[in-house]
Structures are given as structure tokens and as C-alpha cells.
Amino acid sequence: MPKYLDFEKPIIGLKEKIEELKTLNTDRGGGLEDEIEKLKVRLSKVREEIFSNLTSWEQVELARHPNRPYTNDYIKYIFKDWVELHGDRRFADDPSIVAGIGKLNGISFVVVGHEKGRKTKEKIRRNFGMPHPEGYRKALRVMKLGSKFKLPIVTFIDTPGAYPGIGAEERGQALAIAENIKEIAMIPVPIIVIITGEGGSGGALAIGIGDRIYMQKYAVYSVISPEGCASIIWRDQKYKKEATEALKITAKDLKKFNIIDDIIMEPGGGAHSNHKEAANLVGEAVMKAYNELKDIPADELIQKRSEKFSKMGFFKEL
Amino acid sequence: MVDASDLKSGGGFLRVGSSPTSGNEYFNIGEKMKWFQKRKGIEKESKKREIPDGVWVKCDSCGEILYRKEIEKNLMVCPKCNYHFQINSSLYKKILLDEGTFEEEDDNLRTLDPLNFKNYKKKLKEAMTKTSLNECIISGQAKIYGRDIEICIMDFSFIGGSMGSVVGEKVKRAIYRASDLNLPLVIVSASGGARMHEGILSLMQMAKTATALNKLETPFISILTHPTTAGVLASYASLGDIIIAEPGALIGFAGPRVIKQTIKKELPEGFQRAEFLLEHGLIDLVVSRKDLRDTVNTLLMHLC
Ligand SMILES: [Zn+2]
């Protein structure tokens, strides 16, 4: 898999040039500083131009970028004293969802998120972030620790979707998703949902119920993958770009439809260009949401959460 | 979302020897209907002429040629093999409810095209003309053996029973009414999943309906008919206090075709059929259509 996208090529080219000049500069003992500075200005200009004119499909590519920070990266940068918890206590531990407890600004949070895995072996072990029912059940089990011990909850969404497999059906993945949605709605502590990469349909929604729904600038969230939509509507997957436009799945689109509360900015060049900075921005958003929610009584929190979802949709009343 | 091609092979579409216009009012007359006259051979060719339109029906499952009146009397179930033909919401009304007791609610809700999605308006218009419905679900109050209930019935013939904003809203309101009026809730599902044409708004109908069920303290009986899949199954349809399925109904989250493509293996016999789900402990009962009304009544007697 290439480590950069087609439209990133000019950026990568400039970055490499700058690195070359830096090495040369060191070897020569100076003299190229002006040149390097010029290139840096050029780089930020080029990047700015590319990233302000992204198509929806290019945003899908960013959301799926192989270097994009995953849940474990965010956990590493944001939460201290992290303890990962395993298993649904029914069938198995699903590595495509990670769950645990960690501390941010002195507050212990329950954290649950999809994890795609970074290298081939790890990707396979984590099923590319596509959960089985036991993954959703683990998520709910650990979130309920939040209920019991009054810990706020953060979820990170980044999945192509639920896994279309025999075992997943045999163990009731539809039921697991439905139960998660229904039960998470009643958890009496603040829940902050962050879509960090791909929000793939039911597999995303299973940990997507909360009081604040934030989306990173280049994340996407959709009822069906662009490829799936293209093959149904256009009868050919090659129309995935058209399908992406039609489905309206970018953070901007979702904000317009009132599905998400806010958009979390990403570093110039996208979250993958600077994991630490991306994580700082996410951490700030978590704290902002937490401070807005922490003093709301549990009953009111639950009621407002249900109202939030009960209002979603567009229709006409004659 | 389940692809339409998944639904051809299963328990499914009635093949009748009539044209759509003269067809039985209960049939789902759609593009998937294949006509009886496709049979080959001179003998059959001549026979076809002898058979008056719409009198004979061929069972999709056992291939038996059946007298239409007979199968109608049998609630569109093959008397030879118990194959359940797919039927529309108006027949479910007749099968389940006391005659003339259904009072529709929320029939003033109309679907919009918030995404301005390719051909959606046209598709809606065609579906309305074809089915005389304004969406793929009807909801309201009715009686079963004199007992008041809140009921929703989905109709697969309207854009594959797909759930968009109106379906979500109607189900939510039915749940709220059942709660306010202290009535048991019965939902008959038939759906290919969330409606792609309303994008993320359709996905959120899963959240809308499933979270609304937290309000309900009265019994909720969910009836799964062929097919109940994807977003509908992963929300209210799976959340019944009691879950009943019709024999042979395709019930699953992912479509069998997508699963087959993903795992590159043949699927086990009977995979994702009602009986398979029963065996795997995912539903309470598989009930033949003719026993649905009595089963629901008995359950409500116990639970109410
Ligand atoms: Zn038969």
C-alpha cells in the first residue's frame, strides 16, 4: 500500500527536497537557509491550496489514509495510566474494538474505539477494524463500567463497517448493534463520540450514540461505503466518486444535516501528517465537551441524548 | 444494506400467470416477478393458452402448480410445502387484525429528498404509483381479538421496505403512542435495510427508533417476514420482547452475496433463514402465517 495519496505527491516532493537541502546544508556548514525557508513557504502554500480544494472522494482517501492516526495512537497521546480491558465475557475478545480506562487532565475516562491495526499482521489480527458481535458487546460491557463508577466515556469511530461473515451472523451482529444503540442511550454519564476516520454504517453507530458527536475534518460517516453505493445505484464500483458526492458523507455535510455537533480541526496536511498535533486537537475537543456536560444531572443528560436522536431526519407533514 | 440480488433466490416472489394490472391485489407486483408463461415446450405453450389469466400459480419452492383461489385461501402459503409467498401490508392487515379496526396514523408524513440524490424523486413517485402507498410502512391502532394494539406493518414492494426518515419517524411515533396509550406494540418488518438515498439520515433512523424503545414499558412483539435485514434488523426489529419469524424468511445483517464475496466460501445450507436463527438462539419462535394472529393473541394475553 502506498504511504501517500496521489494528490499528496507535490507535498511529499517538496518535503523530500527540503530534507535534502537540510542535509546538504549541514554537510556544507550553512549557506542554504534562505533556500530552505523559501521552500518551506512554498510547501505551506501548496499544501494549503491542495487541502482547500479537496473533493469528497479525496476526503474518503484521507479518512482511510494508511498513516492516519488510529484509536491506539489517540490513546497513547491523550490518555495517561491507560489500562486496556478485554473480552465480552460471553464469547471472545474482539481486537477490532479496543476498550479501557485512561486519564486526561486528572479525570478517568472509559475509552472505546475501533482499531484497524498498523501493519499487515496486526491488520489481520484486528480484522481491519471490522468488528464481530463480541466487539460491540465488549464495548457495551466496558461502557457500563462508566455507568457504575461514574466515569465519562469517549468513543473513537474508525471502521469500514460490521464484518460480513458467517460467525458474525450466527452470533447475532444485528442484535448486538441494536442492543448497543438502545442501551448506550441510557448510560447515565457523559458520552463523547468522535469520528476519527471511517464511520462505516451500523458498525460505527454501535458505538456512535452520545451527548456530543464530533467529527475530525477529514473523517467521513456514511450509511453505506461509496463502493457499495456505486455498485447498487450505478451498477459499477468505478463510480465510487459519484457515489461519494451523492451520499454527502463529509464532516461539513454532516454538520449541515445536524448529525454532528462540531468539526475538530486537523493539522495542515491532515491528521496523518502530525499524529501528536492531531491528538492534541482531539484531546482539547474531549475536554470542551466534558466541561459542557459534566454538571448536567444524569436524568437530563439521558433525556437530551434521546431527544437529539429523535429529531434526526427530514420529512414533510401535510 | 442488502442487495436486491440477494432476495431473488430465497423465499420470495410469487410467479403468477396474470399480467400486473389484472393481478391479485395481494401480490407484490415488481420487476422481480417472473411470468409463468416462461415455460418451454409446445405442450406447455398450448396449455398456457388454455389457462385463463391468473387462475394458476406456480410455487417458487416446490414447483407445484396451484389453483390460485386455493393458495389465497391459505393466506398465500403453499399448501404442499408451506412455502410463504411474500405478501404486502394490506394482506398482513387482514391476516392479523380484526376486520375494519385498523385506524391509520401519520399517513400525512411525506418523504423528502434532502440529499437531492440521483433519481430518488422519480423512484418515490414510481413506488407510490405501483403500490398506492406513500411509504413502505403503515402505522396506527387496531384490534386483535378485541384487544387494542398499536401496529406498524412494512411493505417490501415499496423501495424494498427501506428505512428513510419517514419510516424512522413513523416507528418512533408508534412507539410513543403505544407508551402514552398503554398499548402493546406489534411491528411486522420486511426490509432490505436503510434507504441509501437519504444517506446518513437513514442510518440515524436506527438510532431514532432503537432509542425510542427505551420509553416503552408495554409488550413489543416483533414479527420478521421475508426479508428482514441490515439497518431495520439492527434496530427496532431485533428489539422485540418477543421475536417471531415466518418460516423461510431471510433474516440477517449483511447480505448473503456480500458475505460470500468476503469469505470466498459457500454459505451453509439454510444460512440466515428463520429456522437458522431459531437454532442459533436469536429469535423466540418460527410461526406459520396462518398461526400468527393466534400466537400474537396468546402472547399478549400472557404479557398484558
Ligand atoms: Zn410449494
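The axes are lines fitted to C-alpha atoms, for helices over the stretch in contact, and the angles run from 0 to 180 degrees between N-to-C directions. Helices (H or I, at least four residues) and strands (E, at least two) are DSSP runs, numbered from the N terminus.

Colleagues, this is a predicted model, in which local features need pLDDT of at least 70 and side-chain atom pairs count only at pLDDT 80 or more, while totals for chains, interfaces and linings use all residues. Residues are numbered from 1 along each chain as its sequence is written, and chains are lettered from A and ligands numbered from 1 in the order in which they are written.

I begin with chain A. Helix α1(A), residues 9-28, and helix α2(A), residues 33-51, cross at roughly 165°, and their axes come within 10 Å. The two are therefore roughly antiparallel. Their crossing is left-handed, a term for a near helix turned anticlockwise from the far one by less than a right angle, clockwise being right-handed. Residues of α1(A) including Leu14(A), Ile18(A) and Leu21(A) meet residues of α2(A) including Ile36(A), Leu39(A) and Leu43(A). By class, this contact has 10 nonpolar, one polar and eight charged residues. Here Ala, Val, Leu, Ile, Met, Phe, Trp, Tyr, Cys and Pro count as nonpolar, Asp, Glu, Lys and Arg as charged, and the others, Gly among them, as polar.

I turn to the interface. Residues are in contact if their C-beta atoms, placed from the backbone, lie within 7 Å. On that criterion, 45 residues of chain A touch 51 residues of chain B. Helix α8(A) gives the most to the chain A side, with seven residues. That side divides into 29 nonpolar, 10 polar and six charged residues.

One helix pair spans the two chains. Helix α14(A), residues 298-310, packs against helix α6(B), residues 199-212, at about 135°, with the axes 8 Å apart. These helices are therefore oblique to each other. Ser306(A), Phe309(A) and Ser310(A) make the contact from α14(A), and the partners in α6(B) include Met204(B) and Ala207(B).

How many residues of α6(B) are buried? The answer is 14 of the 14, so the helix is largely enclosed by the rest of the structure. A residue is buried if 20 or more other C-beta atoms lie within 10 Å of its own, exposed if 12 or fewer, and partly exposed in between. Of the 304 residues of chain B, 51% count as buried.

Cys229(A) is found in helix α10 of chain A. With 27 C-beta neighbours inside 10 Å, Cys229(A) counts as buried. Beyond neighbours within four places in sequence, the contacts of Cys229(A) are Ile224(A), Ala243(A), Leu247(A) and Met196(B).

I close with backbone geometry. Most residues other than glycine have a negative phi, and most peptide bonds are trans. Lys248(A) has a positive phi near 50°, and Asn258(A) has a positive phi of about 60°. Lys248(A) counts as buried, with 22 C-beta neighbours inside 10 Å, whereas Asn258(A) is partly exposed, with 15. In chain B, the peptide bond from His226(B) to Pro227(B) is cis, with omega near -15°. Pro227(B) is placed in strand β9(B), residues 220-229.

Note on methods:
Angles under 35 degrees count as roughly parallel, over 145 as roughly antiparallel, 65 to 115 as roughly perpendicular and the rest as oblique. Two residues are in contact if their C-beta atoms, placed from the backbone, lie within 7 Å.
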